[in-house]
Amino acid sequence: MNVLIRGRFAVVATVLSGNSAAAWGFRLSRVQCYPYYPITPSTSCSEQISRWVNDGAMDTVTINAESEHSAASQIIAAGKSVRAGTATSSKGLLYMIEVLENAAGASIPCGLFIGNRATGAPINIWGDHSDAYAMRDSGVIQLFAADAQEALDNVIQGYRIAEDLSVRLPFAVNLRGFTGTHAYEGVEIPEPADVDGYLFPFVPLYPLFATEKPVTYGAMLSGNFYRRHKRNQMAAISNVPEIVLKAGREFGERFGRPYGLFEWVGDEKAQLVIALMGESASAGEAVTHHLQGKKGIPGVALLKLRLFSPFPAREIARALAKAGTKALVVFEEGLHHGAVFPPLAQRIATAIHLHLGADAPKVASVIGGLGGSEVRQQHFQLMFNLADNLAEGRPYRTEPYWLDIEEDPIFAESEKEVAPALWKKWGEVWKRQARKEQYFRPLPKDTEEIRIYSRAGQGAITSAVGFTGAGIQCGHQLLTVPAFGSERRGAIITTDTLVNERGKRKIRSFNRAWDVVILYDDTILSSPAHNVLEGLKEGGVLLVNTSRLRSAKIREILGASESRVRVFTVPASEVAQGLGLSHLNMAMLGALHRVYEKIPFEKALTYYEKHVPRPREASLEAIQQGFQQTADRQAASAKKERRFVVSNDFLDWRPQDHSLDLWPSALEEIQLG
Amino acid sequence: MNDAKRITAKGSQDSPDRAQLLSALSRHKEYLVSGQLVTMSDRELSPEKTAGNKEKVGAKHHPAAPQTLTLEEVARESPEGIDLPKVLSEMADVGPQARLFLVRSEGKVARAEVFEDPRVCTEIHRGAVVENLKEKPVDVSGWRTHEFFIDTKGCLGEECGRCAIVCPENAIHLMGRGAGSFHEIDPLACKGCFICWVECVRTAADCILVDGKTFDPAMRAKHFGE
C-alpha cells in the first residue's frame, strides 16, 4: 500500500489485476444483483465478487447462471428494480447479445464488464475487440478502458451515465483480455463514501413490483408504436456524449482523474494522428512521446477513444479540425467482414466526412493485434510513417492494411516480397511509398524489464505480483503481465515485469529487452523451445534456481562463456524444502532483490511483512534466505540434486475419489447395492 | 436479510439434512435457493415482524413508484418537501420537455431532480413500458366463432372459480358473494378459446352454454378426443 498525494487527493495504490479492478468498480457501485457465467478472460472478476459476497463484504445477490444467455436475462430482470451487473467475454458476450437488445430497448441501466477476447473459429482465448464489435448494434453504451485503473473508474462512471435520467441504457466497459485483464499494476481504489457521494442509489423509473402502478416490460408492439419507441431510444442514446463529459468532469473533481470522450495524447497541432481504442494505446503513447518535436517530424498525436457507442462523431471531427490534422490512421483489433473499413475506421471516416466535408483528413485503416497478437512500439513507428505518406499525398489503400503479415506488409520494396496477387492490385501504392528513417530511430528504453521463466504451478506470478507491490511502495511504477495459454501444470511459462523508475508518465508497453531473466527451474536451460538469453541485455543478469550447477557450467550449457551476462545461482528449492514450504517462489523473490537493486530489499521487506502469503513466517524467512544465498558462483562444491518427496497419497489419488468424498450418501448406496 | 440464516441442503433425497430442512420450512420464512445453498430469512409479513410496525414494513417491501411530473403537474400538485419556486424556475429553463423526477422514501423526498425528457414521441413510455392500470380494454369479440355464456343456475360461484383462474384473457369475473354468487364472461374480452368450457368442474354440463346449447357431443368429441 502506498499513499500518493495528488493535489488534495490522498489515495492508496494497491496492486490489482484488470479483472479485480473491475470487481472493485462493481463493489464500490454497490451492485445489488450480480448473475454470472464465467468465461476466460473475465472469470476472475466474477470470482472476486462471489468471494466478497460469501465473506459478507458485499451485500449483493449473486446467481450462478446456467449460461451467459441466462446471466444477461437475469441482469435485465434485476435491472428493472435494482442495480445489476455481470462480466463476460468473447462467445459469452455473443451469446448475451440476443437478450442485451432487450436491455437497451426496455431502457434498463444494467452494467457489463467485458474482458475483450477474439471470437472463433479458430478458438482463440486472447485479446482483441471482436466481441465488442459484435455487440455494437445492440444499443448498449460501450466504454473502452486502457488499463486497470480506467476499468475501475469506468464501471463507476458507467452506472452514473447509464442511470442518468436522460439516458437510461445499459453500458459495457471493455478491457483487452490478458494484457489488460490479467496485468497487475498499481490501482487507486476510491473511498466508498466518496463513491456514494458520486453515485446516487439506484432508483428504477418503473419498478416491477410497485403495487400502485403495475407495469409490463417487453410488451408486443405493432409497427406504429415500435418505430416511435425506437425513435425515442435513439434520442436517449444521443444524449450519452454530453452525460459522459459531465460524469467524467465530476469524477475528476472528486477523485482527481478527469475523463472525457477521448484522450488526445501528443501535440496540440498534429498533422498526423493515429486513432485507436483500449489497452494497445500504451505502446502508441510511448512512440508518440518519442517522436514529438523530433527533426523532420510534423506534429503527431494519438486519439485514444473512450466512448465507442454512441460514437462522438461531432466532437472527434472538431478535435481533428482544430488540430489541423492532414492524415489519420485508424488502428483497430477487429474486423467488419465484408465492409469497406472495420467498425472504428468506418465510424471515424463517416464522422469526418459528414462534419468536415472537403476539409476532412485522409483516412487509412490498419488491422492488427488480432487474437492476442502483440501490438509493439515498432508498429506505431510504421503507422506514423504511413500517415506521413498520406499527408504528403502519396497513394494509399482504400481497404485496410494489416500488421505483421509478411506476405502483405505496409511497406514493400519489390514484387518478390509480397503475395503475387496483391502486387497486381496494390503494386503502384507500394512502389510510391516512402520509408522515412526519422520515424525509425531507436526507441528510448525508459523502463527496466524482468522476465521469469518458470513451470506453471511454481508460483512465479505470485512472487512477481509481490515484487510489483513492493516496487509501487517504493514510489516506482510497475506492471506485471503473465503469459497465459493452453499450458498445463508443469509447462514452461513466462511472467514479465516492467519497472518504470520514478516515472512521471505511466508506461505500459514492454521493450522486450530484459535486464534480468530468472529461471525457477534449471531444467528450463535445456528446453529446446526456450532460448533464455534471447532479449537479455548485454551486462544483464541471469538468475537460476539450482543446487547442482555452478554459474560456469550454466554459461557452458548456454554457450555464453564469453558473454558479458552475469550469471547468479540460488538454491531456492533447498531453501523452501528446509523451511517446509511447498513453493520456492518466496526464496526466488528474495534472490531477485539481490540481483536487482533498484528496489531496495530493506524497504521491500516492510511490504512483504504485511502482504506475504501464508505461512507468513516461513515465507518471510524464505525471502531472507533467498536473498542471502544468491551468489554469482557456487561457494561450496556442488551438492547432490534434491527434489521434493512425492508422497504415496499423491500417487494414489484418482479423480473419482474426489466425487465420492463429496457425496458420502451416494457411496453408501453403492455399497449397499 | 441481516438476520438471514443459512441452511445447506446437501446429500441425497432421503438424507437427514434434507428431512431436517423440510421440517424446518415455515410459511413465515422466505427461502432463497441458489444451487445447493438455501438462504432463509423472515418473511416481511411474518407475525414477529408485523406485530409492531405494520405500515413501515409494507412501505419498505413495496417501494412507492417514483413520479415523473411535467411543469404543469408540479404547479398543480405543489408536491411537499421540495423547493417549489426553485424547481419551477429550473423546469422553465429547460423548456417544455422538462420533467421532475421525484422519489419518496418513507414519506420523505429522497431525490428531486429536474431533467429533460429525451423522448421524441411522448405518448410512449421510456423503454416502451406499459402501465397496466392505464391500459384500455380492447374489444376482441370479433375473434370468436362461438358465443359463450355462463348459466347462473349451473355455476357454483365462489365455491369453484376454476374458469376465472384458467381464462387466459381474464375475461371471467365473479359476481356477487356467498351462496348466490356466479361467474360472468365479459363479452368484449372473450376470444372464444373453449378453455373455460373444457376446464369447468361440472364438465360444463349445465353451466357454460356454447351458442346457447348446454351439451354437444360433437363438440365434446372435438375437444376431449372422445
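Predicted model: local features only at pLDDT ≥ 70, side-chain atom pairs only at ≥ 80, totals over all residues.

Colleague: What makes strand 12 and strand 15 of chain A a pair?

Modeller: Pairing takes at least two bridges, and four bridges join strand 12 to strand 15 of chain A, so they count as paired. In that pair, A275(A) stands opposite V330(A) of strand 15.

Colleague: And which sheet are they in?

Modeller: An open one of six strands in chain A, ordered 11-13-12-15-16-17, with mixed pairing.

Colleague: Why do strand 11 and strand 17 of chain A stand at the edges?

Modeller: Strand 11 (262–266) and strand 17 (401–402) each have a single partner strand, so one side of each has no neighbour in the sheet.

Colleague: What lies across strand 12, strand 13, strand 15 and strand 16 of chain A?

Modeller: That's helix 12 (residues 343–356) of chain A, at about 150° to strand 15.

Colleague: Why are helix 15 and helix 18 of chain A called oblique to each other?

Modeller: Helix 15 (residues 460–473) and helix 18 (residues 585–595) of chain A pack at about 40°, with axes 9 Å apart. Roughly parallel needs under 35 degrees and roughly perpendicular starts at 65, so these two helices are oblique.

Colleague: Which residues of helix 15 of chain A meet helix 18 of chain A?

Modeller: T462(A), S463(A) and F467(A) do, facing residues that include L589(A) and H593(A) in helix 18. The contact divides into four nonpolar, four polar and no charged residues.

Conventions
Residues numbered from 1 in each chain as written. Chains lettered and ligands numbered in written order. Heavy atoms only, no water. Axes fitted to C-alpha atoms, helices over the stretch in contact; angles between N-to-C directions. Parallel < 35°, antiparallel > 145°, perpendicular 65-115°, else oblique. Contact = heavy atoms within 4.5 Å. Nonpolar A, V, L, I, M, F, W, Y, C, P; charged D, E, K, R; others polar.
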